[in-house]
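I opened this model with my notebook beside me. Here is what I looked up, entry by entry.

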Amino acid sequence: MWAARQPSAASRTSDIVESKEVNNEVVNAREADLTQNPHQVKASRLGDTEHAQVVHITLEPGESLKKHVTPVDVFFYVLEGRGIVEIGEDTKEVGPDMLIPSPARIPHRWSNRSDKPFRVSYRQGSAPDRSHEVAVRDRLGQQ
C-alpha cells in the first residue's frame, strides 16, 4: 500500500496532512479480468474506489455499445484504433490519444466500424474538492 496525502480533518487549508492507505496495485489493461456488462463486449474495471472508476473497453470490428447514459460526467481516452463516438446529437470519428468528455445524463455510444480492434479507457467519478487550492493561492497572493 502507498500512503496518499490527504488534508487533515481539522483544516483543509493547512499544510498538515494525514496518511491514508490506498491500493497500489499496478494493473495491465490487456491482462485485467473481464467484467460482465450489458453491452456484452470486452471490458475490464482497472480501478474502482468510492470516488472514481476507470474502465478499459475493447471493441472488436463491428461491435458497438448500446446507447446509454451515466449519472456523472465521463472522460474517454482512445488508446488504439479508430472508432465512432455518439454523444447526444453529435457523432465523431476519433482515434489514438484523443480525450472525449461526455456530460452526465446525455445518451452516448461507441462503435467500431473498422477492421481492427478499438481500445478506449474511461474515467468517471465525482469532481475533486478544489477548495484547498483556492485557499493556498489566496495565502500566496496568487489568482
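**Ground rules.** I took helices (H or I, at least four residues) and strands (E, at least two) as DSSP runs numbered from the N terminus, and I let two strands pair if DSSP finds at least two bridges between them. The model is predicted, so I kept to local features with pLDDT of at least 70 and to side-chain atom pairs at pLDDT 80 or more, while totals for chains, interfaces and linings use all residues. Residues are numbered from 1 along each chain as its sequence is written, and side-chain values use heavy atoms, with hydrogens and water left out.

**The sheet.** I traced an open sheet of five strands in the order β3-β4-β10-β5-β8, with antiparallel pairing. Its edge strands, each pairing on one side only, are β3 (42-48) and β8 (99-102). On average, neighbouring strands are turned by 20 degrees against each other, direction ignored; for this, axes are lines fitted to C-alpha atoms (for helices over the stretch in contact), and angles run from 0 to 180 degrees between N-to-C directions.

I then went through some of the pairings. Antiparallel β3 and β4 (residues 52-59) are joined by six bridges, and R45 has V55 as its bridge partner in β4. β5 is joined to β10 by six bridges, again antiparallel, with Q124 of β10 as the bridge partner of V74.

I used a 1 Å grid over the protein atoms alone: a cavity is a set of points where a 1.4 Å probe fits but cannot get out, a pocket is an open set with protein on both sides within 12 Å along at least five of seven lines, and lining residues have an atom within 4 Å of a point. The second largest pocket holds about 310 Å³ of space. Of its 21 lining residues, N37, H39, V55, I57 and Y122 are the closest to its centre. At least two lining residues come from each of β3, β4, β5 (74-80) and β10 (118-125). The volume is the space filled by probe spheres set on the grid points, which are joined across faces, edges and corners.

Q40 counts as exposed, at 69% relative accessibility; my cut-offs are under 20% relative accessible area for buried, over 50% for exposed and partly exposed in between (1.4 Å probe, protein chains only). D97, in the loop between β7 (90-94) and β8, also has a positive phi, near 70 degrees, and is exposed at 58%.

**Salt bridges.** I counted a side-chain nitrogen of Lys or Arg within 4 Å of a carboxyl oxygen of Asp or Glu, and the total came to six salt bridges. In one of them, the closest N and O atoms of E80 and R30 are 3.2 Å apart. E80 sits in β5 and R30 in the loop between β2 and β3, so this pair ties together parts 50 residues apart in sequence. E80 is partly exposed at 29%, whereas R30 is exposed at 60%.

E86 and K67 also meet in a salt bridge, 3.7 Å from N to O. E86 is buried at 10%, while K67 is partly exposed at 42%.
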